[in-house]
Amino acid sequence: VTWALLRDRKGRSVCDSLVADDYAALLGSARGLALWHRSVHFCAKCGGRTESHRAGRNRRCQESIMNMALHEGRIRDLEEKVKHLENEINQRINQFQALSSSARPS
């Protein structure tokens, strides 16, 4: 990537308003990001291959994506179990209230 590509178009460029410090900061960030992408090919968590994600600001692992999908499936299963248990609890509370109201002296 060269800075010339940013200046090839006619008219004012976003680079025209940048000062030397801004150029240095942009160039340093771009170089760091490029070196990071060149050197990090594997996931630190599972060792799987990574790919560029979110316009190059992140790298993500296919294994982690698969594991996340499994995890989300488990969460859905747990949510269904919790709803089922809540329904059972509410039914028992209703039964208890019905029994307690019929056992009260009139």
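**A tour of selected side chains**

The model has 1 salt bridge, a term that here means a side-chain nitrogen of Lys or Arg within 4 Å of a carboxyl oxygen of Asp or Glu. This is a predicted model, in which local features need pLDDT of at least 70 and side-chain atom pairs count only at pLDDT 80 or more, while totals for chains, interfaces and linings use all residues. Residues are numbered from 1 along each chain as its sequence is written, and side-chain values use heavy atoms, with hydrogens and water left out.

Select R60 and E51. These two residues form a salt bridge, and their closest N and O atoms lie 3.3 Å apart. R60 is partly exposed at 34% relative accessibility, and E51 is partly exposed at 30% (buried is under 20% relative accessible area, exposed over 50%, partly exposed in between; 1.4 Å probe, protein chains only).

Next, go to H37 in helix α2, residues 20-39 (helices are DSSP runs of H or I, at least four residues, numbered from the N terminus). H37 is buried, with a relative accessible area of 17%. Show the backbone of G56 as well: its oxygen is 2.6 Å from the side chain of H37. Then display S52, N58 and R59, which H37 touches along with G56 when residues up to four places away in sequence are not counted (contact means heavy atoms within 4.5 Å).

Finally, select C43 and C61. C43 is buried at 14% relative accessibility, and C61 is buried at 5%. The model has 0 disulfides, a disulfide being a pair of cysteine sulfur atoms within 2.5 Å.

Definitions and conventions:
Helix = DSSP H or I, 4+ residues; strand = E, 2+ residues; numbered from the N terminus. Polar contact = N/O pair within 3.5 Å; in protein donor to acceptor, adjacent residues only side chain to side chain.
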